[in-house]
Amino acid sequence: MRILIIEDQNLIGKALQKGLTEEGYAVDWVTNLVDGIHLSQEIEYDTLVLDLMLPDGSGLDLLKALRENNKQTPVIIVSAKDTLADKSLGFRLGTDDYLTKPFDFEELLLRIGALIRRKYQVYGHTLVLGDLKLDLTARVAKSKDDIILLTAKEFAVLELFMLKRAKILSRSKIAEHIYSEAAEQESNVIDVFINRLRRKLEKAGLPTLIETVRGEGYTIR
């Protein structure tokens, strides 16, 4: 899953980028309105974490531009502006959630997870496919009742497959969701990654869930 942070305070931006990356998200971070508008229009993000007071304008301008262009990307405003009027304006312009500073990272993490589940129309905290179960809150994969040891990125890829079950995902689409703009990738990195994930699932006693669609990518059915 891929997240864009628009936050001009370096201490907060760096902390959020580090924390969310450790949770398995691909994270892009920009510090101004212009870059935020550009990336949010060009890339399909799963959530935007949006500050309001930016050096070159208001984050509300970005939110308004998104909704006027029919971009339905979930947005959570994270701002020191904490009055009811501020929150009301944010929701009227189309934000999905609003968290005031200072905040607890764990709370932000839970809210981001809820927005992503809503985006993919998942109601609950568990995805199930046969004996495979993904706990989206605890970020744990199980085969029946046995935990499958996955890295954060491996869990993120498996989550993406299950959220988009039966859809064919190209290598570029998979890469777009698990790597940030700054990440360097070799040409065969997705194939290597998928093969490693397949071996772990097979070792856990699961059948071959991830299918190769020749010339197109991969899918789970």
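Visitor: I've got this structure open. What is the volume of the largest cavity?

Guide: About 50 Å³ for the largest cavity. Keep in mind that this is a predicted model. A search of the whole structure turns up one cavity of 30 Å³ or more.

Visitor: Which residues line the largest cavity?

Guide: A lining residue is one with an atom within 4 Å of a cavity point. Here the lining is made of Y25, G113, I116, R117, L136, R139, E159 and L163. Sorted by class, that gives four nonpolar, one polar and three charged residues.

Visitor: Which helix gives the most to that lining?

Guide: That's α5, with three residues. Both α5 (105-119) and α6 (152-163) supply at least two residues each. Look at the domains too: domain 1 (2-119) and domain 2 (126-220) each provide at least three lining residues.

Visitor: Now the strands. Which way do the residues of β3 point?

Guide: Follow β3 (residues 47-50) along: T47 and V49 point one way, while L48 and L50 point the other way. All of them are buried, and buried means under 20% relative accessible area.

Visitor: How many bridges join β3 to β1, and how many join β3 to β6?

Guide: Four bridges join β1 (residues 2-6) to β3, and these two strands run parallel. One partner pair to find there is I3 with T47. Three bridges join β3 to β6 (residues 75-79), again running parallel. For that pairing, find L50, whose bridge partner in β6 is I77.

Visitor: How many salt bridges are there?

Guide: The idea is a Lys or Arg side-chain nitrogen within 4 Å of an Asp or Glu carboxyl oxygen. By that rule the count is 15. Start with K18 and E22, whose side chains meet at 2.7 Å, N to O. They sit four residues apart in helix α1 (residues 10-22), so about one helical turn separates them. Both K18 and E22 are exposed.

Visitor: Is E154 buried or exposed?

Guide: E154 is buried, because its relative accessible area is 0%. K200 counts as partly exposed, at 27% relative accessibility.

Notes: Residues numbered from 1 in each chain as written. Predicted model: local features only at pLDDT ≥ 70, side-chain atom pairs only at ≥ 80, totals over all residues. Heavy atoms only, no water. Buried < 20%, exposed > 50% of the residue type's maximum accessible area, 1.4 Å probe, protein only. Pairing = 2+ DSSP bridges. 1 Å grid on protein atoms, 1.4 Å probe; cavity = no way out; pocket = protein on both sides within 12 Å on 5 of 7 lines; lining within 4 Å. Points joined across faces, edges and corners; volume = space filled by probe spheres on them. Nonpolar A, V, L, I, M, F, W, Y, C, P; charged D, E, K, R; others polar. Domains from an automatic or database assignment.
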